[in-house]
Amino acid sequence: IFFRLLCRQGPMDRRAAVPRYYSEVPAQAAPDPQRTARAGLCLLLLVPVILLFTSTMGHHHRTLWVDAAPALVLRRAMAHTHMAQTAVLTPSQGPMALVRTHPRPRAAQPLSHAISHSIPTLMAFRSTAALMMVGSAAVVLALLHRPRQAPRHCVAVCSSSAMRPSRKLLYIDVLNYSDFFYSFSSPWDLPRAFRQAKRLVAAADRSGFAVKIFIDAAAPSESAAQKWRKRRAKEVRTMQRAMPYGHSVMMGEMFKELHVEVHYSAERDLDDTLASFAEADGASVLSADNDFLRYEGASFPIFSDFRIVKGRLKLNAKDGAARPKGPMRPLEPKPRTQDYDPSFIRVYAEKRYVRGVASPLVRLFRNPHLHVRPLRQGLYVQLGFTELIAETFPTWNGKEVVWDTELVAPDAKLQHLLRDPEAAIRTFFPELSRPRPRDISAGTWFKHRFAVTAVVHELCCVANGASLFRTMLDTVTKW
């Protein structure tokens with residue numbers, strides 16, 4: 001179009017240059033050769049200027065450095081602006097990430113509007129010009145490591161110092177507060193648990209805390225194992241179970257969906273792990289356990305409880321008169337932790353698979369873990385195990401609770417059911433297809449249905465790399 005305009009005879013009429021209909025195109029005279037030559041020379045001179053301009057300005061306006069927390073806001077804002085996204089930032093990938101921009105899609109509202117109207121409390125931009133520059137482009141996140149020094153042409157859109165004052169670290173022994181997430185009046189309500197987790201994270205953020213979640217997954221000591229067995233035996237006898245099966249795994253996945261860093265203690269018990277991390281990082285500890293008072297030379301503050309008041313987190317300090325039960329012990333360096341499903345930690349480490357009571361109806365329908373043993377044998381094959389695995393569960397022999405231990409070999413006979421959990425549930429638990437027994441309450445029957453479904457989905461999620469929390473949340477919502 002530019003070339004035709006330059007070659008055009010007579011005065012240039014903008015309306016005539018771009019006709020609305022093809023029939024309106026006027027007849028044109030042959031172009032003047034001298035005018036054509038001048039237009040070609042202009043184009044040749046204009047091309048390098050355009051290339052130089054785009055290579056210079058493109059770096060200034062299309063490469064941005066943001067912190068991990070603002071990147072979360074950008075990701076949520078993209079959901080409001082129909083923007084494409086190639087990856088999601090997590091805290092484990094470093095405090096910085098490179099953000100590249102591409103032309104904004106059609107009918108997308110400015111990103112600045114989405115940020116200011118969706119999550120205004122989570123980030124603040126350094127300048128209005130930078131904000132409007134981001135608003136003119138769609139953002140695509142690329143997971144790259146931060147170089148030693150950001151290039152000079154990068155524009156600093158936002159940073160931790162510009163966003164908020166330095167935040168205090170708060171490490172939470174989250175399983176101590178399971179009753180905050182699950183209500184006894186509405187048992188095993190996953191949507192409510194997720195809402196409570198969102199409340200806790202939002203309140204901590206407004207109060208200036210950076211939260212990290214710690215969950216016990218290591219092999220317990222002998223005394224702790226004996227205590228754990230007594231509790232599971234009581235659940236079988238009384239046919240009562242307070243917490244849903246798999247709640248430690250689902251709790252971690254719940255907070256990971258909220259972009260909170262999660263640590264499963266894989267090397268040492270949770271108390272030692274949390275205390276070592278808190279002392280090394282200068283963090284506070286939120287736990288109802290008095291064992292955190294037994295570490296020699298510990299300087300980290302300890303809080304025993306919390307409340308959410310007007311959207312802010314209020315912490316209650318540990319009673320100064322409290323004393324630890326065991327002897328004092330020294331603090332050790334940070335142990336190894338992991339941020340993924342810890343279901344098979346002991347299988348890899350000790351070739352042992354130990355589970356408790358999934359359903360409150362073990363006395364009537366046996367332990368669900370015994371029913372799904374063929375499915376678990378198929379998972380052993382998929383995970384590459386060739387040795388015998390010692391499986392241990394509590395069962396009911398008609399009079400008392402006994403702990404059954406059996407050596408199980410990997411077997412791929414029913415491995416295909418790992419890809420079809422609904423068929424696996426119908427295969428191993430046919431009682432769910434029948435009406436609820438009259439002598440069992442609706443709440444107890446719901447717990448049994450939840451438990452056997454979670455037992456099957458746990459194995460299928462490990463096999464397929466899916467989230468147990470998200471799978472169970474979607475499943476329960478359909479009931």
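F214 is buried, as its relative accessible area is 0%; buried here means under 20% relative accessible area, exposed over 50% and partly exposed in between, with a 1.4 Å probe and protein chains only. The model is predicted, so local features need pLDDT of at least 70 and side-chain atom pairs count only at pLDDT 80 or more, while totals for chains, interfaces and linings use all residues. Residues are numbered from 1 along each chain as its sequence is written, and side-chain values use heavy atoms, with hydrogens and water left out.

A pair of aromatic rings is described by the distance of the centres and the angle of the planes. Rings of Phe, Tyr and Trp (its six-membered ring) pair if their centres lie within 6.5 Å; planes under 30 degrees apart count as stacked, over 60 as edge-to-face and the rest as tilted. The structure holds 17 aromatic pairs. One of them joins Y171 and F214 in a tilted arrangement, 5.1 Å centre to centre with 40 degrees between the planes. This pair links distant parts of the chain, since Y171 lies in strand β5 (residues 168–173) and F214 in strand β6 (residues 209–216), 43 residues apart. Y171 is also buried, at 0% relative accessibility.

Another pair, Y380 with F385, is edge-to-face: 6.0 Å centre to centre and 90 degrees between the planes. Y380 counts as buried at 0% relative accessibility, and F385 is buried with a relative accessible area of 8%. Ring pairs also bring Y380 and F385 into a cluster with F344, Y348, Y353 and F393.

Next come the helices, where helices (H or I, at least four residues) and strands (E, at least two) are DSSP runs numbered from the N terminus. The axes of α17 (residues 421–428) and α18 (residues 442–464) come within 10 Å and cross at roughly 135 degrees. Axes are lines fitted to C-alpha atoms, for helices over the stretch in contact, and angles run from 0 to 180 degrees between N-to-C directions. The angle makes α17 oblique to α18; under 35 degrees counts as roughly parallel, over 145 as roughly antiparallel, 65 to 115 as roughly perpendicular and the rest as oblique.

Contact means heavy atoms within 4.5 Å. In α17, P421, E422, A424 and I425 make the contact, and in α18, T453, V456, H457 and C460 do. P421, A423, A424, I425 and F428 are the buried residues of α17, and their cover includes α15 (368–371), α16 (373–383) and α18.
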